[in-house]
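I opened my notebook to look at one structure. I wanted to see which side chains meet, and where.

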Amino acid sequence: MPNHNDREARSPGRPRSEASRRSVLEATQALLETTSIRNLTIEAIAQKAGVGKTTIYRWWSSKTAIVIEVFMNLAALDAPAKDAESASLALSDQISRLITHYRGETGRIAAGILAEGQFDPEIITEFRRRFFVNRRAEVRAVVDKGIERGEFTLEADADTVIDMIYGAIYFRLLIGHSALDAEFAASLPAMALRVLGKQEAITRHSVGAVPS
């Protein structure tokens, strides 16, 4: 009976490889709905994706790398807009979208990565290297643009303020003491703009928050 490797060997080429790669990411995302990162295995991913383990290792060095890529694909929707009319709008919209998405699958995977990262240095290192550093730089660029344009009159250290704003989101995500609901998605951006020195409050409608 032919195995997965035999099946793939009969259909070489970039289209087949790219299709297999997508299958692995989709399989991993599906497995994470019911399986913790710690209990996730390359064997389970390969079986669900219908590929051989050699195909997986052709693209990724470990299950950690796959999980991080799944998360990054989901989190790409939460990047600050680069063509927004103002830094205020870009930042408030990004905060609101992040809260909304973290109520669902993106947040569940993020929480799993951060939790497992307390025991597995590789996954938290990869999270910082491949996602956190770049996303933080994008947010900092928006804040700096707002300062340069005179939108923000920030008197405190910008990095500390960013930690305060986004720390509130991750605190609720990990502890669960309060919800990442529509009210929070509207109120936190307004608070963030006040801390950054922009006095005009923004409304729930202006940040595009949706009911929970």
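My entries below go from the annotated region to rings, charges and the surface.

**Entry 1: the annotated region**

I began by noting that this is a predicted model. Next I looked up the UniProt record. Its unreviewed entry places a "DNA-binding region" at residues 41-60. I checked the fold over residues 41-60 and found 75% helix and 0% strand.

I then looked at Lys 53 and Glu 43. Their side chains meet in a salt bridge, with N to O at 3.1 Å. Lys 53 lies in helix α4 (residues 53-59) and Glu 43 in helix α3 (residues 42-49), so the pair ties together parts that are ten residues apart in sequence. Lys 53 is partly exposed, at 38% relative accessible area. Glu 43 is partly exposed too, at 45%.

**Entry 2: ring pairs**

How many aromatic pairs does the structure hold? I found five. I wrote down two of these pairs.

Phe 71 and Phe 127 have ring centres 5.7 Å apart.

Tyr 102 belongs to helix α6 (residues 87-102) and Tyr 170 to helix α9 (residues 158-175), so the pair ties together parts 68 residues apart in sequence. Tyr 102 and Tyr 170 are both buried.

**Entry 3: charges over rings**

I looked for arginines over ring faces. Arg 38 lies over the face of Phe 119, 4.6 Å from the ring centre. Arg 172 lies over the face of Phe 184, at 3.8 Å from the ring centre.

**Entry 4: salt bridges**

My search of the whole structure gave 14 salt bridges. One of them joins Arg 140 and Asp 159, with the closest N and O atoms 2.9 Å apart. Arg 140 is in helix α8 and Asp 159 in helix α9, so I noted a link between distant parts of the chain, 19 residues apart. Arg 140 is partly exposed at 27% relative accessible area. Asp 159 is partly exposed at 30%.

Arg 149 and Glu 151 form another salt bridge, and here the closest N and O atoms are 3.9 Å apart. Glu 151 is buried, at 17%.

Which residues share partners in one network? I listed Arg 136, Arg 140, Asp 144, Asp 159 and Asp 163. Asp 163 lies in helix α9 and is partly exposed, at 45%. The C-alpha atoms of Asp 163 and Arg 136 are 9.5 Å apart, though 27 residues separate them along the chain.

**Entry 5: a nonpolar patch**

Last, I looked at the surface. Phe 171, Leu 174 and Ile 175 form a nonpolar patch there. Together they have about 310 Å² of accessible area. Leu 174 lies in helix α9. At 44% relative accessibility, Leu 174 is partly exposed.

Methods. Residues are numbered from 1 along each chain as its sequence is written. This is a predicted model: local features need pLDDT of at least 70, side-chain atom pairs count only at pLDDT 80 or more; totals for chains, interfaces and linings use all residues. Side-chain values use heavy atoms; hydrogens and water are left out. UniProt positions are given in the numbering used here, feature names are shortened, and annotations may be inferred rather than shown by experiment. Helices (H or I, at least four residues) and strands (E, at least two) are DSSP runs, numbered from the N terminus. Rings of Phe, Tyr and Trp (its six-membered ring) pair if their centres lie within 6.5 Å; planes under 30 degrees apart count as stacked, over 60 as edge-to-face and the rest as tilted. Buried means under 20% relative accessible area, exposed over 50%, partly exposed in between (1.4 Å probe, protein chains only). A charge sits over a ring if NZ of Lys or CZ of Arg is within 6 Å of the ring centre and within 35 degrees of the ring normal. Patches are made of residues with over 30% relative accessible area and no salt bridge: like charges are joined within 9 Å, nonpolar side chains (Val, Leu, Ile, Met, Phe, Trp, Tyr) within 5 Å. Accessible areas come from the Shrake-Rupley method with a 1.4 Å probe; for residues, only the protein chains shown count as cover. A salt bridge is a side-chain nitrogen of Lys or Arg within 4 Å of a carboxyl oxygen of Asp or Glu.
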